[in-house]
Amino acid sequence: MTRIRAAEARDAEAVAAIYAPHVADGFVSFETEVPDAETLRRRMAASDGLYPWIVLEREDATVLGYAYASRFRERAAYGHVVETTIYMAPGAQRGGHGRALYTALLATLTAQGFTQAMGVIALPNPASVGLHEALGFAKAGLFPKAGYKFGQWVDVGYWQRALHASSIPAPELRSFRETGVRLD
């Protein structure tokens with residue numbers, strides 16, 4: 001049995017442990033230094049309730065994965081667009097857990113009033129592409145050789161999913177805790 005809930009400061013160690021191999025050994029993240037739990041705790045706090053961080057945990061409170069949204073770009077005109085991210089622990093991959101976690105994140109973002117979600121994927125990454133496309137994302141662009149890590153250049157793809165119609169005026173954004181979206 002698993003449940004999805006809002007991430008809390010106490011989850012930072014588990015989040016850091018899930019994220020570390022992606023930084024240290026892979027191309028999925030373009031960070032080159034593994035962030036510690038305190039760094040991730042600060043990132044969660046910096047979301048200020050507008051950009052959700054959620055976790056999937058087992059009954060024994062073991063965190064199996066996390067997903068979050070962040071500002072897509074700094075300019076105010078991008079305010080209704082978010083970049084979405086998900087990381088799963090190795091033993092929790094390919095069992096439908098990631099899909100459930102990402103679905104909960106997208107439902108939360110929709111309830112908040114965001115209009116577009118952007119998935120930024122280091123390529124090749126068929127598992128991430130498959131998850132995004134299964135959840136309604138479509139390829140929106142490719143940046144060849146945009147990242148340099150471990151002595152090689154890596155392509156970056158953008159996948160985009162509409163969350164709301166782009167109405168005028170734009171919807172008012174709400175804190176993710178104000179949405180009433182039930183995560184578990």
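**Close-up views of a predicted model**

A17 is exposed, with a relative accessible area of 52%; buried here means under 20% relative accessible area, exposed over 50% and partly exposed in between, using a 1.4 Å probe and protein chains only. Before we go on, a word on the basis of these legends: this is a predicted model, in which local features need pLDDT of at least 70 and side-chain atom pairs count only at pLDDT 80 or more, while totals for chains, interfaces and linings use all residues. Residues are numbered from 1 along each chain as its sequence is written, and side-chain values use heavy atoms, with hydrogens and water left out.

**View 1. A17 in helix α1.** A17 belongs to helix α1; helices (H or I, at least four residues) and strands (E, at least two) are DSSP runs numbered from the N terminus. If you look for V34 in this view, its C-alpha is 9.6 Å from that of A17, and the two are 17 residues apart in sequence.

**View 2. The open sheet of seven strands.** Follow the strands across the sheet and you will read the order β1-β2-β3-β4-β5-β7-β6, with mixed pairing. Strands β1 (2–6) and β6 (138–149) stand at the edges with a single partner strand each, so one side of each has no neighbour in the sheet. From one strand to the next, the twist averages 25°. Two strands count as paired if DSSP finds at least two bridges between them. As a reminder, strands of a sheet pair through backbone hydrogen bonds, either parallel or antiparallel.

**View 3. Strand β2 and its partners β1 and β3.** β1 and β2 pair in the antiparallel sense over five bridges, and β2 (residues 53–58) also pairs in the antiparallel sense with β3 (residues 63–71), over five bridges. L56, in turn, stands opposite G65 in β3. Is β2 mostly covered or mostly exposed? It is mostly covered, with five of its six residues buried.

**View 4. The hairpin of β2 and β3.** Four residues lie between the two strands of this hairpin. A61 counts as partly exposed, at 44% relative accessibility. For context, most residues other than glycine have a negative phi, and most peptide bonds are trans.

**View 5. Helices on the sheet.** Helix α1 (residues 12–24) lies across β2, β3, β4 (81–88) and β6, and runs at about 80° to β3. Helix α4 (residues 126–134) lies across β4, β5 (116–123) and β7 (152–162), at about 160° to β5. Contact here means heavy atoms within 4.5 Å. Axes are lines fitted to C-alpha atoms, for helices over the stretch in contact, and angles run from 0 to 180 degrees between N-to-C directions.

**View 6. Helix α1 against helix α2.** The axes of α1 and α2 (residues 37–46) come within 8 Å and cross at roughly 110°. The two helices are therefore roughly perpendicular to each other; angles under 35 degrees count as roughly parallel, over 145 as roughly antiparallel, 65 to 115 as roughly perpendicular and the rest as oblique. Their crossing is right-handed, a term used if the near helix is turned clockwise from the far one by less than a right angle, with left-handed for anticlockwise. A12, E13, V15, A16 and Y19 of α1 make the contact with A37, L40, R41, R43 and M44 of α2. By class, seven nonpolar, no polar and three charged residues take part; Ala, Val, Leu, Ile, Met, Phe, Trp, Tyr, Cys and Pro count as nonpolar, Asp, Glu, Lys and Arg as charged, and the others, Gly among them, as polar.

**View 7. Helix α3 against helix α4.** The axes of α3 (residues 97–112) and α4 cross at roughly 50° and come within 11 Å, so the pair is oblique. α3 passes α4 in a right-handed crossing. In this contact, G98, R99 and Y102 of α3 meet L131, H132 and A134 of α4.

View 8. L123 and P124 are joined by a cis peptide bond with omega of about 5°, and P124 sits in the loop between β5 and α4. I168 and P169 are also joined by a cis peptide bond, with omega of about 0°; P169 is in the segment after β7. F150, in the loop between β6 and β7, has a positive phi of about 55° although it is not a glycine.
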